[in-house]
Amino acid sequence: MYHVERAIFDIRRGLPVVIHTGSRPLLVQALEGSDSVEALAALSGSRPALVLTRHRLAAMGHSISAEAARLPLAAEMDTATLHDLAVAKPHGEKQRLSGLSPAGPGERGALALMRRALLLPAALCADVDEAQQAAIEAKISYGELLRLDAGDALKALHGAPGMLKRVSEADIPLESAQASRFVLFREPDGLREHVAVVIGAAENAAGPVPIRLHSACLTGDLFGSLRCDCGDQLRNAVAEISALGGGVLLYLAQEGRGIGLANKLRAYTLQDAGLDTVDADQVLGFGDDERRYGVAVDMLNALGITQVQLLTNNPLKMAALRDGGIEVVSRQALYGSVTDQNQRYLTAKANRSGHYLHDALRDALNDAQPNG
Ligand SMILES: Nc1nc2c(ncn2[C@@H]2O[C@H](COP(=O)(O)OP(=O)(O)OP(=O)(O)O)[C@@H](O)[C@H]2O)c(=O)[nH]1
Ligand SMILES: [Zn+2]
């Protein structure tokens, strides 16, 4: 993992990295933040291609079976057109994209790095021409360019399971749960931290423990955004776990269903242009839900919890814990309030992502359509 986290820092700063595939080196740079492809073309000695995910391509009317595809870039393409290829809301008709070919492991590795770096999943990739290989090697040996294997890049999204570090902890009495203890865990690559809020004597408890997996939402949790129900759910979960006699809330660094705050704000702007929450993420190149719950399983293991009573409306969370070997003994619904602004979002979660329908939402929808 050592090179992966360093590569992520370079990529976030807009620098290229070299991904080694065994056959040929590939020079890779994030589209986000780049204002020209010419530097990459000069360094690699070949024309860069834009690598886009199948979700982005589907949004542009191209359905492909590969995870991602490579689109050759014309020499005269201006920056605005290039960026539009990765983020603009498609107009409906199929967009002409000539020369698409399935992405290889190097390109897919590049996209995994972009995702782990919480950037747009769009990468500029150029094969290193033979004439440039010595110059690239020299830059690698001087430490000016970082090289990593495609296989390691591809694993970037999985982190390093089982090696989560329990770093520090303290008692933090909460308004609705006085006996709360915050336990901070750090992922082995040092990129993300997650907090377990242990309420009462839940560690190593025998029998099912009330658990909430809460994905971070800065806008909702901290500012009470009316666009979602996260802030309410967070506070209701703490109160409910406390009322149940104790349990754990895992506060997971998975802002925006795992796409990061920058992309969530982009997705909100697309929603304001008429898309629902799922389609907006797809236009940006993401799937329905980019979250992974391996870290949650590791945290429960570290806390000695094997059986849970899960507070959620999301069947994926139950499946993920079960897949990780945690016994989900029961599920309890957890609601926030339904507002004019979040009704469309909550409806999309139920209709498109298979979440259990919110009772208050069902009532609101019935009131709006008395005959439906
Ligand atoms: N990409 C994206 N993320 C959103 C949007 N609205 C809210 N989110 C994020 O969605 C996540 C909501 O997570 P959770 O509250 O854990 O839950 P959930 O999947 O709805 O499932 P529950 O357990 O039933 O609440 C947070 O990370 C929010 O930041 C949106 O429109 N787009
Ligand atoms: Zn939210």
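**Exercise 1.** Which residue in strand 12 is the bridge partner of Ala 196?

*Solution.* The model is a predicted one. Strand 10 covers residues 193-199 and pairs with strand 12 in the antiparallel sense, over five bridges. The bridge partner of Ala 196 in strand 12 is Leu 250.

**Exercise 2.** Are the residues of strand 12 buried or exposed, and which of them point the same way?

*Solution.* Begin with burial: strand 12 spans residues 247-252, and six of its six residues are buried. Next, take the directions. In a regular strand, side chains alternate between the two faces of the sheet. In strand 12, Gly 247, Leu 249 and Tyr 251 point one way. Val 248, Leu 250 and Leu 252 point the other way. Both sets are buried.

**Exercise 3.** Describe the ligand 1 shell: its nearest residues, its elements and its classes.

*Solution.* Around ligand 1 there are 23 residues, and Ser 215, Cys 217, Thr 312, Asn 313 and Asn 314 come nearest. Two or more residues each are given to this shell by strand 11 (209-215), helix 9 (230-243), helix 10 (261-272), helix 11 (277-283) and helix 14 (343-353). By class, the shell holds seven nonpolar, 10 polar and six charged residues.

**Exercise 4.** What is the strand order of the open sheet of seven strands, and which strands lie at its edges?

*Solution.* The order is 5-4-3-6-2-1-7, with mixed pairing. The edges are strand 5 (101-102) and strand 7 (147-149), each pairing on one side only. Strand 3 (residues 49-53) and strand 6 (residues 122-127) run antiparallel and are joined by four bridges. In one pairing, Leu 52 has Ala 122 of strand 6 as its bridge partner. Helix 5 (residues 105-116) lies across strands 1, 2, 3, 4 and 6, and runs at about 145 degrees to strand 6.

**Exercise 5.** Why is the protein described as being as compact as a globular protein of its length?

*Solution.* The protein has 15 helices and 14 strands. Its radius of gyration is 23 Å, close to the 21 Å that the globule rule gives for 372 residues, so the protein is as compact as a globular protein of that length. Buried residues make up 40% of the 372 residues.

Terms used. Residues are numbered from 1 along each chain as its sequence is written. Chains are lettered from A and ligands numbered from 1 in the order in which they are written. This is a predicted model: local features need pLDDT of at least 70, side-chain atom pairs count only at pLDDT 80 or more; totals for chains, interfaces and linings use all residues. A residue is near a molecule or strand if its C-beta atom, placed from the backbone, lies within 6 Å of it. Ala, Val, Leu, Ile, Met, Phe, Trp, Tyr, Cys and Pro count as nonpolar, Asp, Glu, Lys and Arg as charged, and the others, Gly among them, as polar. The radius of gyration is taken over C-alpha atoms; the globule rule is 2.2 Å times the number of residues to the power 0.38. A residue is buried if 20 or more other C-beta atoms lie within 10 Å of its own, exposed if 12 or fewer, and partly exposed in between; C-beta atoms are placed from the backbone. Two strands pair if DSSP finds at least two bridges between them. Two residues are in contact if their C-beta atoms, placed from the backbone, lie within 7 Å. Axes are lines fitted to C-alpha atoms, for helices over the stretch in contact, and angles run from 0 to 180 degrees between N-to-C directions.
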